[in-house]
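Please read the following briefing alongside the sequence and the coordinates. The points are grouped by topic.

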Amino acid sequence: MAKALFHKNQRVWVKPVGTWALIEEVIPHWVKDVDEPLRINYDCGLGRKFEAKELSSEQAKQTQGRADVDDEDDMMLELWHISRRTPQWRTGGDSNNPGSFPVVVTDEGDYGGWRVKGSEYDRDPQRIEHQARMIVHTPDLLRIARRLAEEASEKPETLTVDMKHLATRCAMILRFVYQLDNESAEAAE
């Protein structure tokens, strides 16, 4: 369950936009028969609602120190999130699937992203939910892969054989994702 990390009128740094804003509204998303909200979004008056991971408080921003360098690199990686949508292919009286389905939003305006056809979701909802969670966490996994590959290139003598294999695999994945040619990839190693 979620707890509110920020409060109304608190000044926060909005990472995807790169600006300071005041939280205009704290929006909890409740589920029937649950004491705490499932998630909490924040309206900062910037055209869409933000999740807590997209915001930083003034105190956290001031005490970051070295983390600012990493944040600059991480700005190139996107912050994706799962939005729940009501199925349009269902009528109000259909009791088989009265809930919602996941849409992975990969654009700041909540437009672009990954979605499925209604027939696909009906066929295997658990698989679609799992795919949505995997896609949302892809930018975080790329950050981890990049850090592992960087550590391996900086200190190769400190890694075990298994870790060297993992780092090599991470470097190959990063080359493919960022479409690096062989010459520039070898220079990066």
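In what sense do strand β1 and strand β2 pair, and over how many bridges? In this predicted model, strand β1 (residues 11-14) and strand β2 (residues 19-22) are paired in the antiparallel sense, with 4 bridges.

**The hairpin of β1 and β2**
- Across the pairing, tryptophan 13 stands opposite tryptophan 20, the latter being a residue of β2.
- The hairpin has 4 residues between its strands, and glycine 18 adopts a positive phi near 75 degrees in it.

- An open sheet is formed by 3 strands in the order β7-β8-β9, with antiparallel pairing, and its edge strands are β7 (81-85) and β9 (113-114), each of which pairs on one side only.
- Between β7 and strand β8 (residues 101-105), which run antiparallel, there are 5 bridges, and isoleucine 82 stands opposite valine 104 of β8.
- Helix α4 (residues 125-136) packs on this sheet, where it touches β7, β8 and β9, and the direction of helix α4 makes about 20 degrees with that of β8.

Technical notes. Residues numbered from 1 in each chain as written. Predicted model: local features only at pLDDT ≥ 70, side-chain atom pairs only at ≥ 80, totals over all residues. Heavy atoms only, no water. Pairing = 2+ DSSP bridges. Helix = DSSP H or I, 4+ residues; strand = E, 2+ residues; numbered from the N terminus. Contact = heavy atoms within 4.5 Å. Axes fitted to C-alpha atoms, helices over the stretch in contact; angles between N-to-C directions.
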